[in-house]
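Good morning, and thank you for coming. Please look at the structure on the screen while I describe two of its parts.

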Amino acid sequence: MKRMLFTLLAALQLFGGAAAPETLRDDAIDIKAPSAVLMEKQSGEVIYEKNAHERMAPASVTKVMTMLLIVEAIENGDISLDDTVIASERAASFGGSCVFLEEGEKMSVHEMLKCISVVSANDCAVAMAEHLCGSEQSFVERMNARAEELGMKNTHFTNCTGLFDDREHYTSAYDIALMSRELIRHDLIKDYTTIWMDSIRNGEFGLSNTNKLVYYYEGCTGLKTGFTSLAMYCLSATAMRDGVEYIAVIMHAESVDSRNNDAKALLNYAFANYTLCPLRQGSALPPVYVELGKGDCVQPEYTGPEAALISKQGSGNIEYTLQLPDSVAAPVKKGDSLGSMSVLINGQEAFSVPLVASHDVQRMGLSDIFLSLVGSLLGRN
């Protein structure tokens with residue numbers, strides 16, 4: 001069967017290098033904290049890890065999951081930013097980082113989410129948990145279910161705040177990276193996690209972000225700090241430059257400065273050494289003719305991730321080469337393999353992307369074939 005070969009030079013000059021860089025470990029970067037992870041958002045590639053799967057107390061970094069469930073509820077239409085949340089006696093009783101809610105005080109979901117994101121407000125986290133699920137316990141069950149869905153194998157939540165030093169409340173640096181990655185896929189959260197200073201109660205109560213990287217690290221998009229005597233200083237830091245976003249997770253650091261310096265070291269390393277290679281060509285994929293199909297052709301579509309992390313070693317054009325048949329025989333089912341696209345960096349194949357059928361095409365029956373032939377004879381086709 002004939003095959004069509006297309007080679008298109010990417011218009012954008014990107015850096016070439018080895019595909020799927022190996023994960024760096026321990027002493028490759030000078031990280032003081034005992035546990036850390038560096039992950040690229042779009043591909044999910046882990047660039048660096050240090051005791052990444054060790055179970056540790058997360059402190060208020062727990063609220064990454066709390067914020068994720070809130071944002072998902074908003075975007076699913078279950079609640080809106082304008083909805084009113086009424087603080088319960090229990091929510092108002094929470095100390096630590098808080099905005100001193102009073103029992104019966106009313107705030108919008110927007111204000112609650114801002115307080116959780118900016119000052120890590122425990123009282124607002126509990127109020128939102130109760131608003132969404134009726135009780136914090138029910139909300140925690142949903143947190144654990146969502147963690148399982150995300151593949152967080154070393155995580156178990158017992159509360160929505162991380163305030164208490166509970167040995168049964170734990171996660172890992174890698175799992176934090178997973179839930180952070182899921183959270184920053186929702187652009188809405190960055191409207192809150194990038195706030196440096198703000199206020200509530202008509203300007204009477206000031207808010208200042210607990211994540212100082214928001215102010216002084218270029219491109220910082222969040223995300224969440226934490227501290228307890230058991231967890232020590234924890235951080236999930238996210239930053240974006242030139243369309244590439246990284247997640248740096250630090251656990252059990254000795255101080256705020258040490259925590260922030262470790263996160264900056266990881267992010268600096270990522271921005272200096274890596275970039276993304278698109279796994280999609282710029283132009284539309286050509287359709288493939290379907291022999292004896294009720295439809296004339298089937299449209300190929302890409303599968304898999306949209307981009308892959310590559311090293312910035314050497315530079316050159318990225319080439320995309322399509323391997324597609326002139327035709328396929330009916331029937332065709334959605335998801336059937338049609339061909340592939342090779343991504344070449346510096347003339348070497350770095351990635352192969354499967355191309356599959358985007359829809360079903362049924363095979364003609366005898367009556368369909370007869371009618372088609374008649375139509376052809378009458379000049380209708």
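This is a predicted model: local features need pLDDT of at least 70, side-chain atom pairs count only at pLDDT 80 or more; totals for chains, interfaces and linings use all residues.

Strand 10 and strand 11 (residues 232–241) are paired in the antiparallel sense, with eight bridges. Strands here are DSSP runs of E with at least two residues, numbered from the N terminus, and two strands pair if DSSP finds at least two bridges between them. Three residues lie between strand 10 and strand 11, and the two strands form a hairpin. Within this pairing, Gly222 is opposite Thr238 of strand 11. Strand 10 covers residues 220–228, and eight of its nine residues are buried, so the rest of the structure largely encloses it. Buried means under 20% relative accessible area, with a 1.4 Å probe and protein chains only.

Residues are numbered from 1 along each chain as its sequence is written, and side-chain values use heavy atoms, leaving out hydrogens and water. The protein chain has an average pLDDT of 91, and 90% of the residues score at least 70; pLDDT is the predictor's confidence in each residue, from 0 to 100. Over residues 1–19, however, pLDDT stays under 50.

Which residues line the largest cavity? Among them are Ala57, Pro58, Phe164, Asp165, His169 and Thr228. Thr228 also belongs to strand 10, which spans residues 220–228. On a 1 Å grid over the protein atoms alone, a cavity is a set of points where a 1.4 Å probe fits but cannot get out, and lining residues have an atom within 4 Å of a point.

Conventions
Contact means heavy atoms within 4.5 Å. On a 1 Å grid over the protein atoms alone, a cavity is a set of points where a 1.4 Å probe fits but cannot get out, and a pocket is an open set with protein on both sides within 12 Å along at least five of seven lines; lining residues have an atom within 4 Å of a point. Buried means under 20% relative accessible area, exposed over 50%, partly exposed in between (1.4 Å probe, protein chains only). Helices (H or I, at least four residues) and strands (E, at least two) are DSSP runs, numbered from the N terminus.
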